[in-house]
Amino acid sequence: MAVTSGCLLQRAGAFHQRVASENSSRDLERRPDLEGLTVLSDTQTDILHHCTLDLTKVGDCDRINMAAIEDIYDEIGGLHLFQLLMIIWVYGIKFMIAWSTLMMSFGGFKPDYACIVHDHMNQSSLKYMNDTQLREQAEKGINNQTFLNVCDLNGTVCDQFHFFGTKRTVISEWDLVCDLKWMKPTFISIQFGGLLTGAILGGQSGDYFGRKKTLYGSYLLHTLLNVICAYSVNWQMFAAMRYFIGVMIGSVLVMIVPYPTEFFPLRWRHVIPSIPMWPVGLIFFSGVAWRLEDWAYLHLTCAALAVPGLLGYFYIPESARWLATRGRLDEAYAVLEKMARVNGKELPPTAMDTIKAISQEQSKGSEGKDYSYVDIFRTRTTGKITLIFAFKWNTLSMIVYGLSFAVTSFAGNLYLNMFLMNSIQLPAHLISFLFINRVGRRWTCLGFLTVTTLASFACVGIHLQAPKDLRDRLISALCLTAKLAVAGCWSASQTWVTESYPTVTRSLGYGFANMSSRVGAIIAPFLINLDQMPLLTFILMGSLTLISMVMTCFIPETRNKVMAETAIEVEMAVVRSEQRDDSQVTEKSKDHNIKEDMDKGKEFDLVSKKFPSSSSGSSSKPNLETEKGVSTFVFAEDDVVSKL
């Protein structure tokens with residue numbers, strides 16, 4: 001499948017200009033032991049190999065410029081004003097989404113209550129008692145039987161319940177105790193069932209209708225549903241509203257990381273998930289809950305504070321990557337122009353060529369295809385990645401939400417516990433931010449998972465051996481440690497998942513991982529139960545994180561890798577990584593010989609990275625050799641692509 005010489009030479013010249021301008025933190029690696037010799041990165045070699053071996057049309061060699069969109073982002077500002085606006089208007093939505101998601105951490109609080117049985121009590125005397133007097137009477141009881149926090153009095157079921165304190169929760173609103181105590185975990189599971197549905201629908205919608213419409217449409221409906229929920233007339237209506245709110249939350253969370261990340265250059269991609277918008281929102285929520293102490297007012301406040309985030313719809317553009325893969329080239333170019341204008345930069349002249357290359361590659365591979373969740377299992381590599389991330393996110397979600405909703409079971413002040421449980425995530429995001437680009441996604445996650453595993457199994461030993469007065473404090477401290485580590489791992493994993501899928505299925509891949517995490521959140525209230533089965537809870541946490549550690553080792557590292565646009569790039573990157581691992585030792589010895597031969601003017605095969613055995617002397621012009629229908633570049637030292 002030969003490609004014409006003119007096309008190849010034209011692309012080689014453009015490619016050489018790109019290679020010369022790229023720095024070591026992205027696609028180019030300069031070997032310190034080979035001074036003066038420029039070595040192609042794996043991504044560049046894969047692209048060039050794909051161009052010269054697998055394509056059939058002259059125009060197909062434009063594929064070699066696909067990765068240049070990362071360079072365009074750098075040239076028009078990198079991390080600049082436009083990206084900061086993306087963080088505020090797009091990722092800032094997560095602030096209120098966190099509030100809405102964890103609403104039941106306050107709404108599910110069960111205040112102390114008195115069991116009122118009309119046949120055994122003097123109703124007229126009860127009417128004139130204040131809370132303090134009634135509590136004292138309930139503790140004292142009738143005929144030596146207390147009626148504080150009980151479900152019957154002398155075998156007679158309570159006629160009504162009187163809840164103490166000023167907190168108005170859904171438990172006190174509809175007497176969800178005794179026979180209806182199962183409603184608290186059920187509300188949580190219903191809500192996360194909605195998040196599961198939203199993750200499925202949001203991922204599909206994001207790739208079909210676009211990132212922007214999916215995100216802001218879901219956020220608008222989420223805001224309206226919070227208002228309706230505040231006026232629920234019974235617990236059945238409340239449960240239904242929480243389900244639909246969950247659907248909108250799930251859809252938003254699928255878009256909240258991939259959408260803004262597609263506007264960031266390679267070296268800044270990890271910034272988005274590292275911003276602690278979620279814990280900051282929950283810290284603010286604990287303060288507002290302490291002030292309002294009313295579940296209905298909290299829903300209305302959430303809706304009111306969500307309105308400013310909706311204004312971003314009128315300013316933030318659609319993803320240029322997504323527009324290019326859908327063939328909307330002029331719109332994609334307009335997005336890049338807007339980014340450059342806001343950042344005060346000039347758009348490079350190669351921008352439209354890059355957009356066209358992305359569009360052409362996508363149209364050749366899909367022929368107008370609309371992708372679905374089936375496509376993230378279609379190849380061996382993406383299928384493996386999807387299943388591992390699914391299990392890992394399921395585990396992380398189960399622990400995070402299980403401990404978050406268990407805050408009502410901890411001793412001490414509810415609002416202080418909420419504050420501590422959420423503020424502990426702030427250092428986790430900072431640690432993740434510092435390490436994710438230094439040691440990579442894999443080692444960052446492995447470190448956090450190790451801490452979680454050790455903390456969980458330590459809780460098992462403390463629960464079995466520590467004295468009662470010391471046990472609760474130690475377990476609370478270790479639970480906070482586990483929450484910190486899991487939050488850090490999840491922060492790093494959000495970047496990792498986003499980078500592991502090509503543009504055409506990125507929101508689907510992220511959506512599937514998000515969907516799997518909702519399964520974990522649904523079962524979390526029943527499995528992470530510190531009140532009824534603490535020992536089983538800690539064993540389960542430690543075992544699941546240990547399995548996740550092993551599985552994490554099989555996910556390809558994405559640090560300093562250009563995000564793929566099509567599925568074939570993902571497969572090629574993995575193959576190259578495996579080949580590099582197998583031949584790492586021998587390559588070091590070969591590189592020195594390559595440099596010596598090139599200094600002598602010997603010809604170098606650009607694709608195979610070898611010198612033809614038949615080569616003798618140097619050539620002043622590039623040659624194109626074809627063997628068995630496969631085109632191969634051969635360049636001399638002074639050719640267009642020198643010292644590659």
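Among contacts in the protein (heavy atoms within 4.5 Å) between residues at least 6 apart in sequence, 79% join residues at least 24 apart. The model is predicted: local features need pLDDT of at least 70 and side-chain atom pairs count only at pLDDT 80 or more, while totals for chains, interfaces and linings use all residues. Residues are numbered from 1 along each chain as its sequence is written, and side-chain values use heavy atoms, with hydrogens and water left out. The secondary structure comes to 27 helices and nine strands; helices (H or I, at least four residues) and strands (E, at least two) are DSSP runs, numbered from the N terminus. Of the 644 residues, 56% are buried, where buried means under 20% relative accessible area, exposed over 50% and partly exposed in between (1.4 Å probe, protein chains only).

**Helix packing: H5 and H15**

- Two packed helices are described by the angle between their axes and the distance between the axes.
- Helix H5 spans residues 93-101 and helix H15 spans residues 277-292; their axes come within 7 Å and cross at roughly 55 degrees. Axes are lines fitted to C-alpha atoms, for helices over the stretch in contact, and angles run from 0 to 180 degrees between N-to-C directions.
- This angle makes H5 oblique to H15; angles under 35 degrees count as roughly parallel, over 145 as roughly antiparallel, 65 to 115 as roughly perpendicular and the rest as oblique.
- H5 passes H15 in a right-handed crossing. A crossing is left-handed if the near helix is turned anticlockwise from the far one by less than a right angle, and right-handed if clockwise.
- On the H5 side the contact uses Lys-94, Phe-95, Ile-97, Ala-98, Trp-99 and Thr-101, and the H15 residues that they meet include Met-277, Trp-278, Phe-284, Phe-285 and Val-288.
- The residues of this contact of H5 with H15 divide into eleven nonpolar, two polar and one charged. Ala, Val, Leu, Ile, Met, Phe, Trp, Tyr, Cys and Pro count as nonpolar, Asp, Glu, Lys and Arg as charged, and the others, Gly among them, as polar.

**Burial of H5 and Thr-101**

- H5 is mostly covered, with nine of its nine residues buried; among them are Ile-93, Lys-94, Met-96 and Ser-100.
- Thr-101 lies in H5 and is buried, with a relative accessible area of 0%.
- Leaving aside neighbours within four places in sequence, Thr-101 is in contact with Gln-191, Phe-192, Arg-242, Ile-249, Trp-278, Tyr-401 and Phe-405.

**Helix packing: H20 and H24**

- Helix H20 (residues 380-405) and helix H24 (residues 468-500) pack at an angle of about 150 degrees, and their axes are 10 Å apart.
- H20 and H24 are therefore roughly antiparallel to each other, and their crossing is left-handed.
- H20 contributes residues including Phe-389, Lys-392, Trp-393 and Tyr-401 to the contact, and H24 contributes residues including Cys-479, Lys-483, Trp-490 and Trp-496.
- By class, the residues of the contact of H20 with H24 divide into 14 nonpolar, five polar and two charged.

**Glu-499 in H24**

- Glu-499 is placed in helix H24 and counts as buried at 7% relative accessibility.
- The side chains of Glu-499 and Arg-441 are joined by a polar contact of 2.7 Å. A polar contact is a pair of N or O atoms within 3.5 Å; within protein, one must be able to donate a hydrogen and the other to accept it, and residues adjacent in sequence count only if both atoms are side-chain atoms.

**Tyr-216 in H11**

- Tyr-216 lies in helix H11 (residues 211-230) and counts as buried at 4% relative accessibility.
- Not counting residues up to four places away in sequence, Tyr-216 touches Trp-89, Val-90, Ile-93, Gly-309, Leu-310, Gly-312, Tyr-313 and Ile-316.
- The side chain of Tyr-216 reaches the backbone oxygen of Trp-89 at 3.2 Å.
- Tyr-216 and Leu-311 are 95 residues apart along the chain, and their C-alpha atoms are separated by 9.3 Å.

- Cys-178 is not a glycine, yet has a positive phi of about 60 degrees. Cys-178 sits in the loop between helix H9 (170-173) and helix H10 (183-208) and is buried, with a relative accessible area of 14%.
- Glu-293, also not a glycine, has a positive phi of about 55 degrees. Glu-293 is found in the loop between H15 and helix H16 (295-310) and is buried, with a relative accessible area of 16%.
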